Structure formats: C-alpha cells, structure tokens
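Please read these notes with the sequence and the model open side by side. Each numbered point takes up one topic.

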Amino acid sequence: MDAKGIVADHALALSGTAKLDPNRQRIVELAARTSEQELQWGGGAANGDDDALRLVLPASFVVSLTTTTSGRRIAASVKGHDGRIVGKATQPVATARGSISLAEGEDDLRISGGRVDFGTAEAEFAGRVALIPDGSGRHRLELRTTRLDSTAGGVGAVSASLKAVGAVDFRSARATFDQLSLKTARGELSGTGELTGLHSADRVRLDLNATALTATDIRAFWPFFIAGKARDWVLGHVAETGSIPTGSLALDTSLARLAEIAVPGEGPTGDEVRLALDFENGTFATIGNMPAVETVSGTLDYRDGATLITVTTGGITGFPSLEIMPSSLDFVRAEHGVAASLSLNLAGDAPTLLRLADREPVGASRKLGWRSDDVTGRASVGVGVAFLLGQLAPEQNRLESWSVFAELDGVGLNRQIDGREIKAVSGMVTIAPGAAIGDVAAAIDGIPARVEFSQPIGPNPIGEATLDVTARLTDEEVRTALPMLGEIVDGPLSARFTRVGSEFRARLDLGAARLDMPAVGWSKGPGVPATLAFDLSISGKQISMRNVELSGEGFSARGSIEADGSGLRSVTLDSAALNRGDDISGQLVRNDGRYVLDLTGRSLDARAMLDRLRRDGLASKPDQASNRKAVDATIVLDRLLGFDGEEFRDATIRYKAGGAISLSASTSAGRPIDLSFRPRGADRLVSLATDDAGSVLRFGGLYGRMQGGAARLQLSGTASGGFSGPLTLQDFTLVDEPRLANLVGTTRTGNESLAGALGRELEVSRAYFDSASVGLAWDGRQLLAREGIVRGPIFGSSFEGTIYNSSEQIDISGSFMPAYSINRLFGALPFVGGILGNGAEGALIGITYRLAGAFGDPTLTVNPISAIAPGIFRRIFEY
C-alpha cells in the first residue's frame, strides 16, 4: 500500500502491506508506516512568542496487526529522535518512543517499549489501561518504568524506579493517581496526583512525600521545570554527600500555568509549587574562593518562586575550629535571572575567622589592611553575600553586594592603633563595601572604654571616618592616658572623645574629681560640677590640646596644653577666672625638668591659696615628698584679693622650686609688704617686713581686729628640723576685741575683775600697744610661742604656748597686767620683783588666763583669784 496526502497542512506519506485470510474475508496481518514528520506541541514562533514552551520532535508512526492462534493483536507505535523542548532554554530529547497494543479477548490496552532519553536522564517504561470502566466510568491506569537512570548529578548514573497507578475518565479526560512513587536505592518519593481535564483551566495536582532520599537522588531527579535556577545552583554547588530524611513536594496549577511555569525564567507563583526538604550531613560550595560548608544539616523550602535553604549546624572545609551557626541561602526570581543571598553565620577564634574573611570575594586584608596574626580572641561572624544566577558574566563578576557582621568577644589587637594598645574588644562590627562601622567595648591602654566608629574602606569609600570614645577613668588611668591632666586631676572622670578630621574633640566631666592647681593656690573638690573641653591631636608621643575650655560654677579658663612622653610640656592660659573676680593669663613651660610659670592679670582672688597654706601647708610633714615636677613661678598682679575685703596692690610673687619665695606688694593704704623665703647655706630664712600688720593679718584671714603695726619677722631653720626666730611688732591698736573686754571686766563685777581690783573702768574699745615681741618655733606640726610680751600704756601681757597646730587648735596661757608702764617697775627691781612681781616681765597686779580651742573661735578662761595676789603667789595659780 502506498498513499500520499496533506494532513494538518503537512505532507504525509503512508506505505505498508496487508494480508487476508485464505477465505479473503478479513485482514490477518497489517503493517503501515508514515513518513517522518516534525511534531510540535505547545506555543511557537507562529504566535510571535519565541520564549513559549513547545515540544519539537521529528517522529514517525507504525501501525500493525498480527494474528496468532490466540487471536489478533493490533499495535501502534511512535518513534522520535533529536527533538527538543524549546523555551528560553532548550532541553534536548535524544530519543522518544513507545507502543500501545490491544489483543483480541483482553480487557487492557497495553503500553510497552517506552523509552525517553533527555541526555542526562533516560527512562524505559511500560503500562496498561483497562478498557472496561468501573462503576463510576473510570478506566484503571498503571504505568511503571522498567529502567530509569539519571546522570544529571554529574556522578555517574543513578538508578530509580517510577510507578503511577490510578484511573482515567475518558469522557471528561479526568485522571486521578492514588499511587505515585519514585524509588531509589535507599529512599522514596511517593504520594498522589490528579488531572481534572485537558482544557487550559483544568488543574494538575501532585502531593508527594520524601523519605530517606540522598543528596545524590535530589541532584539526579530534580525536575528541570521546578525552580530551574535553584536547581542549576544545586547541581553546581551541592555535593553528593548528605541525606534527605523527610520532605514533601506539592503541585497545584492549571494546565495553562503549567505550560507557562515550565518556561525557564518564569516559574510558579503563590502555592502552585511547594517543595520542603530536611537534609543532614550535606556539603555545598559557596561563592568565589570561599570554602565549602560541610556536615551541614538544615532545610530547603521552595514556595512562590523563592527557594530558601536554612542551615542549623555544620562546619567549614579547611577550618575545623569554626562552627556554623544558623545560616541561610535563598533564591528569588529577578529581572535578569535569579537573585541569590547567602547568610553564613560562624563562631570561632578571631584569627581563623579573619583568615576565612580574607578569601575572595570578601578580601578582608586587602580592604582593611589586617592579617589573621594581628588579632586574638573569639568572635561570631555573619557573612552576607548577594549575587546573581543566570547572568552571562563570569561568576566572580556576579557579586552584587556583601557584608560582614562580627560579634567580638574579648578580641585583642596585636598591633597598635594611633600608638594605643587595644585589648578585650567585645561588641558588634559591621563591614560592607565602602565602610566599616562598629560599637564595641574595649580596653585602650588598659582603660575600659566604649568605642563607636565608622571607617570608609575600599576603592569606593562611603561617608566620613568617625570615631567616638567614651570612658570613665580612675586617677591612675588619667595619669597614664592623659599625663598632662594627671598633674592637676585627682579622682575619677568621665570622658568622651569624638574624631573630627585628623583630631579629636574631647569633653571631660570632672564633677567627681578633685582639681588642684597649687601654683595659683586653687582647687575644686569632688562633687562640684565641672567640664573640660578641648581639641586633641596625637602624633606618636606628642599630644596637643587646643581650644581648651574649663567651665564650672564660678570658675572658667581658656587656653592650650602640650605634652610629650615626659608629661606636661606647656600650658598657655589665654584667660582664667578660677574665682569670681579673677582676671589672669599666662604660660607654664617645662624647661630642664622643671616648670616655669609666668602669670599676669588685673586681679586674683588669693583666699583659696591662703586657706590652703594655712590648712595643708602647716599640716604637711617637713620631709613629705612630692611627685610633682618643680615649678618656678612669677606672678604679677594689679590686685591680689584676700579676706575681710583686704587687697594687695601691684603685687609680685616669685617662687623658685626648692628655693626661694618672695612677695612684694603694698596695702590699700599704700604701705609696703615684703615677704620672702630664701636659702641661707643649709638653712632657710623666712622674713616679713610691713608697716601695716593689721592689713596683712586681715588679708590672710588670721585676725581682723588689729589696726596698723610695724611687723618684723625673722625665722631660720630647715624643713626637716623646723624653723624658729623672733617676731617684733610696734605701734598697733586692737579694736573692739571682746576677749580683751573679758580679761579686764568692769567695776560692777567687784574685786574678781581687773577693773574692779583697780577700782576704775579701763578703756578697751581701742587698746593701743607700743610694742610686742615673741619667740616663734615651727616644727612641722605646730607653731609655738615662747616668752611672748605685749606692752602698752594701759595694758601689758606675757604669754606662751601653741598658737596653731595641725588640728587647727590654739592653746595660749599667760598673765595680763594693767597700768603696765608703772607696774613693770616693780618687776624690774632685782629682789622685790622676784618676790612681788613675776620675774623680769612680771607685775604687782594682774590676772592669769588661758586661750584654748579652735583657732577660729577659741575659749578664754580667766583665774579671778590671782587678780589681788602678790606677784610671787600669782605664779602658783597660773595654768
């Protein structure tokens, strides 16, 4: 038989033979073959859609009829070759063939000789379809492979068996499969499926569960039309090791959408395809030169076109000390392929992590300039990498972005930063293209601090470099970190340093510290609010503090400070008001191991200095050592302010460390004052000369009821052995001295008072004295008076005892005598004075007294009995 014709616009040739039975009543054998035709299914170029999925397969058909003793059999077969599934990508179909046959008297249509070869996967299959429907009109269908091999995983052929058992309703074209299974050597994928019809809106449904599959099974039998790019990545990166204990695959889509999602690059949406797998002991490569992860356990989830791989545990190939923390890898369809994101979280020792981060594409040492041997300690690191799949560019150029998050735990740096030792770093550091930022706690030169920073890095740096350091320093740490401040700061302080360009803007809270400036006699105690701000620049051991501003309640200063490895080098004081009314400026410069201070100003409040000299100066031990550098000072002031409203004018103070101190000035009344402390051989000589001793005493806050007085003081000695010498005073008046009134009393008190014993009132509101003298001795703890005498036309007194001690106490006792100019004649007579008087400075009439207690408010005690006794008996009642 030979025939030719046009079928569906295609030329078709048919040839064959037929054989009749001997009676020529029926055909007993038939063999007919068509010419080869290019079969096409699906969309195509004719529709203007080059990317639409379609099957192109050159094939021919054979129909045959045979007769045997058991009856006749009719068969039809198709044989195709060199076909392809065409879309945005091409899947070759090397071979496709199969046969169906029906034997006379049998109830099943048999499928046999089936074979499909996709190049990397090959299947041979057979099956049958029941011709007699069941009660619901459905025909039983069974299809199974006789051989199924796949080399898609790249590790040789992997064998499996596929089986589908169900029923089909030919009237509605509805098929259900209650048994679908893919069995491998060790595991199985099984479940159910359904096809509701052949119209575009009809649904295809699959519900499959995986048990005990291996990574090799997944690589070999992952369908090319499900998550194609993720499948490509798995084939290229996931090793054959590992297992899939459990998993599931679900498909629910229309026929129209099935054709669309099978197009490479399209993919399913929503819940059309869902894939979930648990995996154990897997290994997969990452990107670039980064090492593979191994012994990985986690999950894989595909839904709505996105694939998410989560890792719960694992290790890094070649880095056994590192541990993988929960991590992830996800794939999402993008405009030009698939966007992949890797989030790899690791924990381990910092040097090993830095070696890992040095691998490309991160390249930490190239971008940051740090090597693995530059650090110690432990850290947890998260590496984030975003890259594209499906691009034409090489893989090393597909990197879109990367980032590193490091949680440091006691990390130490083995090299200095700006000359500082950095240890015990704990906190978070983030590194990304263009910048590194961090917020950590660290020990900087042993001082605990908080460090916040951002640093532009790489070929395309982002932003400006910032550094903010906050710390709370003890007094010892202040001396170590800021030696220029250690000279004047005692106690803890809070500090904040902010980088501005190549410098730091610093702000120090000095409220809890004591500030001490002995050169000008000023100090601030703990609890008094104060701040110090300055611009700090450091070059090696050279430290510069510019725009220094000290501010507090009632005091302020502006200037600059320089320091080096030997400590404070210079201080420039542009302006200062350490007390209300101060107005000074000057400079402190280090020269040959000591400091030279030059201050000038309109006014300086000396009360704090005077109070300190009285309190600390007298309380210190003579041999007390000091770790402060020596200071040579010259202070020139228009006004030097003291207590009780007194001031010295045109004052010049000179001080040479370990040597001489001098003060020259004049009182507000214009009378000169000269005070000096100067060496004289092995001794030191203290001298005071003034014609207004009352102003000097009021200025020093020592005594406020004296007017006038020419004073001369000469002390000599050593700091260890003490000082001693005479003090003389002439022409002075005591004004409204209540203790003098208590000594004298009134006539109303009878003979128990001095006035009563004399029988007349004595004027005490302005008591004039023409002279006074006393021997003074200072032993480092107390100031003693010996053979003290005060003479005047109305009164006189002899006294001795402790004028002042380290506890700020006074204890003076003596005799007080009226009419001294007459009574002293009796004491001066050699024999009578010894009996009736009180020695050479005794008197015929007088009282004894004791002045004791706090120096600022002592108590006067008088012995009234001695007021009427002769001089020799008066000695018995003296204290």
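1. What percentage of the 879 residues in the chain do buried residues make up? They make up 43%, where buried means under 20% relative accessible area, exposed means over 50%, and partly exposed lies in between (1.4 Å probe, protein chains only). This is a predicted model, in which local features need pLDDT of at least 70 and side-chain atom pairs count only at pLDDT 80 or more, while totals for chains, interfaces and linings use all residues. Residues are numbered from 1 along each chain as its sequence is written, and side-chain values use heavy atoms, with hydrogens and water left out.

2. On the overall make-up, the chain has 14 helices and 50 strands. Helices (H or I, at least four residues) and strands (E, at least two) are DSSP runs, numbered from the N terminus. The accessible surface of the chain is about 43400 Å², and carbon and sulfur atoms account for 54% of that surface; such areas come from the Shrake-Rupley method with a 1.4 Å probe, and for residues only the protein chains shown count as cover. Of the contacts between residues at least 6 apart in sequence, 45% join residues at least 24 apart. Contact here means heavy atoms within 4.5 Å.

3. Next, the aromatic pairs. Rings of Phe, Tyr and Trp (its six-membered ring) pair if their centres lie within 6.5 Å; planes under 30 degrees apart count as stacked, over 60 as edge-to-face and the rest as tilted. By this rule there are five aromatic pairs. Phe497 and Phe534 form an edge-to-face pair, because their ring centres are 6.5 Å apart and their planes stand at 70°. This pair links distant parts of the chain, 37 residues apart: Phe497 belongs to strand β28 (residues 493-500) and Phe534 to strand β32 (residues 530-539). Phe497 is buried at a relative accessible area of 12%, and Phe534 is buried at 0%.

4. Beyond its neighbours within four places in sequence, Leu508 is in contact with residues including Leu482, Leu493, Phe497, Leu532 and Phe534. Leu508 and Phe497 are eleven residues apart along the chain, and their C-alpha atoms are separated by 8.6 Å.

5. How many cavities of 30 Å³ or more does a search of the whole structure find? The search finds three. On a 1 Å grid over the protein atoms alone, a cavity is a set of points where a 1.4 Å probe fits but cannot get out, and lining residues have an atom within 4 Å of a point. Grid points are joined across faces, edges and corners, and a volume is the space filled by probe spheres set on the points.

6. The largest cavity has a volume of about 220 Å³. It is lined by 19 residues, and those nearest its centre are Ala215, Val238, Ile244, Phe279 and Leu300. Two or more lining residues come from each of α1 (215-221), β15 (243-254), β16 (273-284) and β17 (293-303). β16 gives the most, with six residues. The lining divides into twelve nonpolar, five polar and two charged residues; Ala, Val, Leu, Ile, Met, Phe, Trp, Tyr, Cys and Pro count as nonpolar, Asp, Glu, Lys and Arg as charged, and the others, Gly among them, as polar.

7. The second largest cavity has a volume of about 60 Å³. Ten residues line it, with Thr286, Met290, Pro291, Leu342 and Leu344 closest to its centre. The elements giving two or more residues to this lining are β20 (337-349) and β21 (375-389). Here the division is nine nonpolar, one polar and no charged.

8. Helix α4 (residues 350-357) is mostly covered, with seven of its eight residues buried. Among them are Ala350, Leu353, Leu354 and Ala357.

9. Two backbone angles deserve a look. Most residues other than glycine have a negative phi. Ala212, in strand β14 (residues 203-214), has a positive phi of about 55° although it is not a glycine. Asp731, in strand β44 (residues 722-735), also has a positive phi of about 55°. Ala212 is partly exposed at 35% relative accessibility, and Asp731 is partly exposed at 46%.

Note on methods: 1 Å grid on protein atoms, 1.4 Å probe; cavity = no way out; pocket = protein on both sides within 12 Å on 5 of 7 lines; lining within 4 Å.
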